[in-house]
Amino acid sequence: MIKLNMELVGNFSSHLGEGPFWDSVTERLLWVDILGKKILEHDFENDVTIDRDVSGNPGCVVLADDETLVAAIDNGIFSINRSDWSVKRLAEADPNPRLRFNDGKCDEKGRLWVGTMDREEKDSLGTLYCCSAEGGLNPVHAGVTVSNGIAWSTNNDELYYIDSPTRCVCVFDYDLSSGEIKNKRELIKFTENDGFPDGMTTDSEGRLWIAFWGGSKVLCVDPISGKIEGKIDFPVSKITSCAFGGDDLSQLFVTSARVEINEEEEPLAGRVFIVEPGVTGLESNRYLF
């Protein structure tokens, strides 16, 4: 177990916090409250959290340029002007009302990889998509129940992916130039005692940092051996995702949820935590129009 000092980002408590994204230019943290229907941005210089309402459930948010966000909301991909909050639809997925977009992030070519999930979390109705300015919204992997964590190897030869109910991280061969994935196989399987693997990120040495819904933890996993190399425990049960940030990318920002939680037992549920695990991470990639 890695014993670390923990700090909190601001005072905002999300119903279902997800998708932390570090803006290295303004040194601000972006994330979403899916059930609260908000996109959030924390200004560390002034220690202020800005929360903005959106019309549906935002699964993830990324930066495009300094003034433009790209967010997956319900079944659509939207660009949002950061200054006046004007919204433009870029693409639309399956309109089935049982589906909504969930976790997503961009690869080094600026494509947004984002998947849909069954709102009832029962059936494999969802799809992993790749969204780019050139190719629009392209379905790349179907039969998903709760599409979640996405990450890449440091050399971009592999894409790691989580469909949470499987309790598994799987891996695809990945072609960065074309965005093609193939040869899916299981990388590591977790147990019921672990909780459900949720969001994840990669550090600069290629290890995966995986958040666990119902597990109160983030695990560090070597994707080559499948060995668990570290564990960070949290005082809340529903840990949802993580991303590296800070001046030298040495801080790990960890989101959580307070949905269906006894808040007297877990008063910090829904908050964003900051830890320094002793490694550096990779910068959050931006969407390229």
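The legends below describe close-up views of a predicted model.

**View A. A patch of negative charge on the surface.** Six side chains are gathered here: Glu 7, Glu 27, Glu 45, Asp 247, Asp 248 and Glu 276. One of them, Glu 27, sits in the loop that links strand 2 (17–23) to strand 3 (28–33). Glu 27 has a relative accessible area of 37% and is partly exposed.

**View B. Cys 60 and the closest cysteine sulfur, in Cys 106.** Cys 60 is buried, at 1% relative accessibility. The structure as a whole holds zero disulfides.

**View C. Cys 168 and the closest cysteine sulfur, in Cys 170.** Here the separation between sulfur atoms is 5.9 Å, again too far for a bond. Cys 168 counts as buried, with a relative accessibility of 9%.

**View D. Asp 74, a residue with positive phi.** Most residues other than glycine have a negative phi. Asp 74 is not a glycine, yet its phi is about 55 degrees. Asp 74 is found in the loop between strand 7 (68–73) and strand 8 (76–81). Its relative accessibility is 23%, so Asp 74 counts as partly exposed.

**View E. Glu 121, a residue other than glycine with positive phi.** The phi of Glu 121 is near 55 degrees. Glu 121 belongs to the loop that runs between strand 11 (112–118) and strand 12 (126–132). With 52% relative accessibility, Glu 121 counts as exposed.

Terms used:
Residues are numbered from 1 along each chain as its sequence is written. This is a predicted model: local features need pLDDT of at least 70, side-chain atom pairs count only at pLDDT 80 or more; totals for chains, interfaces and linings use all residues. Side-chain values use heavy atoms; hydrogens and water are left out. Patches are made of residues with over 30% relative accessible area and no salt bridge: like charges are joined within 9 Å, nonpolar side chains (Val, Leu, Ile, Met, Phe, Trp, Tyr) within 5 Å. Accessible areas come from the Shrake-Rupley method with a 1.4 Å probe; for residues, only the protein chains shown count as cover. A salt bridge is a side-chain nitrogen of Lys or Arg within 4 Å of a carboxyl oxygen of Asp or Glu. Lys and Arg count as positive and Asp and Glu as negative; His and the chain ends are not counted. The place of a charge is taken as NZ of Lys, CZ of Arg, CG of Asp or CD of Glu. Helices (H or I, at least four residues) and strands (E, at least two) are DSSP runs, numbered from the N terminus. Buried means under 20% relative accessible area, exposed over 50%, partly exposed in between (1.4 Å probe, protein chains only). A disulfide is a pair of cysteine sulfur atoms within 2.5 Å.
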